[in-house]
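Visitor: I would like to learn how to read a protein model. Could you take me through one?

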Amino acid sequence: MDRETAWTHVSDAAARLRSRHLRDLFADDPARFDRFAFNHGALTIDFSKEKIDTAALDALLALAHACGVEAARDAMLRGEHVNVTEDRPALHTLVRADDPAPAIADQRARMLEFAQSVRSGAVAAADGGTYDHVINLGIGGSDLGPAMATAALASWADGPAVHYVSNVDGAHFGDLARRIDPARTLILVASKSFTTVETMSNHRLARDWLARAGIDAARQTCAITSQPERARAAGIGGDRLFDMDEGVGGRFSIWSSVGLPLAIAIGADAFQEFLDGAAAIDRHHASAPLAENLPVLLALIGIWRRNAMGCAATAVLPYDQRLARFAAFLQQLEMESNGKSVLADGRPAPRATAPVLFGEPGTNAQHSFLQMLHRGSDPVPVDFLLAAEPTGADAQAHRVLTANALAQSAALAFGQPTPPGQPHRAFPGDRPSTTILYRRLDPATLGALIALFEHKITVQAAIWGINPFDQFGVELGKQLATALLPAMDSGDFSAFDGSTAGLAARIKYLTAKSG
Ligand code: F6P
């Protein structure tokens, strides 16, 4: 079947199902859970509360076949140059493989050995003691993955306290630096390109902070980059320099040396379990038939929501406090990868691509934006994440948490009849959701969850026909900021538009007033 015919079949299924309430779908087929919940090890993904039926899922699977999802997956896993616009491979699965190429194995071994040495005190702080703190300076992919994972694996974090500073706003570094001892702090400068303005600016602040305390910054600073010459030029080299491959995309890079702060926090063994959990999903994705392939199914449900049901947003609600930064991590993974309206071959994309993604941990979300998800004018599909058991948290509280997660997905799907004369109390229901259930949030599970979503977005990219591995959309703003800096010094904004010039003049006026 060709792509367009496959898309037509998906649209036909949507036309048939759009007006059918989830209540009716469950009434017609009470065994929907058995049909639409899929297990892999201790992972269960329940799609039964999505507005699909067997014929719709078949149409989506036919679309995946027609779009060459398997060929795209295999090319990526083989290390081919699937990043066509930058003529590069996408090596994240090869970096976390359990039998990596020798160069990758060396990088991993060096990174894990160093992490262990920091933890044990063999790599000592300026005063000869063990490091109490590590500050990772990085942004985007050089921050979000490790920061999210360090918080997620708090129960495993028995090394130095690891902090993350990303924003070019000096308050981010300054507010942390005020509270900790520079003599006992290791600085990691994580930047694949080693040019990113935010990270270079924070490196300057860190260098000055260490220097003011009389500490040799070069001794107490590491670099993680695919541009080692640039790091050396900035005075970081030798055993403080950790390489990463050019072919590992920033938002996919936590498995590489970018994972160093996480490895320092949780130790080499737990980090290896984290890699193993992801590699197990890679093997599943590589071999399971599409109809049982969890990342493929997750991707297809996303396509169904976006292109068949017309939903422009998705909420991610981890009922797991330690996944508080998971939505922020997914925002980069999904929106930087698939937030594109040009196909890989340069033609305009004929269909909508990545939805807006947002989220907060449950139950906090219940007391902020869940009102809109239950009763707003636009249905917003939800991905719930839930652990069957807590990791080091109170068991009774976990039961309350679990009950709330299950209650929310049921309330969204089924609603309730409106009390007579009280339309403001209406709960219409018919709001789709997927629930991702895992035994507990341990390193292997976290690795599996991240890998699941990584493959979800590459499968969707194959279906939409876009390249998920470039990010040219971030360039223009960077160029304009660079051009604005000298104008801010000279006060000459004549090269800029009226609004930009007007705001800059106003900033000057306000600064002069307070000075
Ligand atoms: O935001 C653009 C981007 O290039 C991201 O893709 C990347 O993760 C981030 O900046 C940081 O880049 P680097 O690791 O090169 O500092």
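Guide: We will go through the sheet, the helices and the core in turn. This is a predicted model, in which local features need pLDDT of at least 70 and side-chain atom pairs count only at pLDDT 80 or more, while totals for chains, interfaces and linings use all residues. Residues are numbered from 1 along each chain as its sequence is written, and side-chain values use heavy atoms, with hydrogens and water left out.

Visitor: In what order do the strands of the open sheet come?

Guide: Strands of a sheet pair through backbone hydrogen bonds, either parallel or antiparallel. Here the order is β1-β2-β11-β10-β8-β9, six strands with mixed pairing. Strands are DSSP runs of E, at least two residues; helices are runs of H or I, at least four; both are numbered from the N terminus. Two strands pair if DSSP finds at least two bridges between them.

Visitor: In which sense do β2 and β11 pair?

Guide: Antiparallel, over three bridges, between residues 43–46 and residues 433–438. Ile-45 faces Ile-436 of β11.

Visitor: Which strands does helix α17 touch?

Guide: Contact means heavy atoms within 4.5 Å. Helix α17 (residues 395–414) packs on the sheet and touches β8, β10 and β11.

Visitor: How do the axes of α5 and α18 cross?

Guide: Axes are lines fitted to C-alpha atoms, for helices over the stretch in contact; angles run from 0 to 180 degrees between N-to-C directions. The axes of α5 (residues 69–77) and α18 come within 9 Å and cross at roughly 125°. So α5 is oblique to α18 (under 35 degrees is roughly parallel, over 145 roughly antiparallel, 65 to 115 roughly perpendicular, the rest oblique). On the α5 side, Val-69, Ala-72 and Met-76 make the contact; the α18 side includes His-455 and Ile-463.

Visitor: Is Thr-93 buried or exposed?

Guide: Buried means under 20% relative accessible area, exposed over 50%, partly exposed in between (1.4 Å probe, protein chains only). Thr-93 has 5% relative accessibility, so Thr-93 counts as buried. Thr-93 lies in helix α6 (residues 92–95). Leaving aside residues up to four places away in sequence, Thr-93 touches Met-76, Leu-77, Asp-282 and His-455.

Visitor: Which residues touch the most other members of the largest nonpolar core?

Guide: A nonpolar core is a set of buried Ala, Val, Leu, Ile, Met, Phe, Trp, Tyr and Cys residues joined through side-chain atoms within 4.5 Å. In this core of 116 residues, they are Trp-304, Leu-323, Phe-326, Leu-446 and Ile-463. Helix α18 (residues 443–464) gives the largest share, 13 residues.
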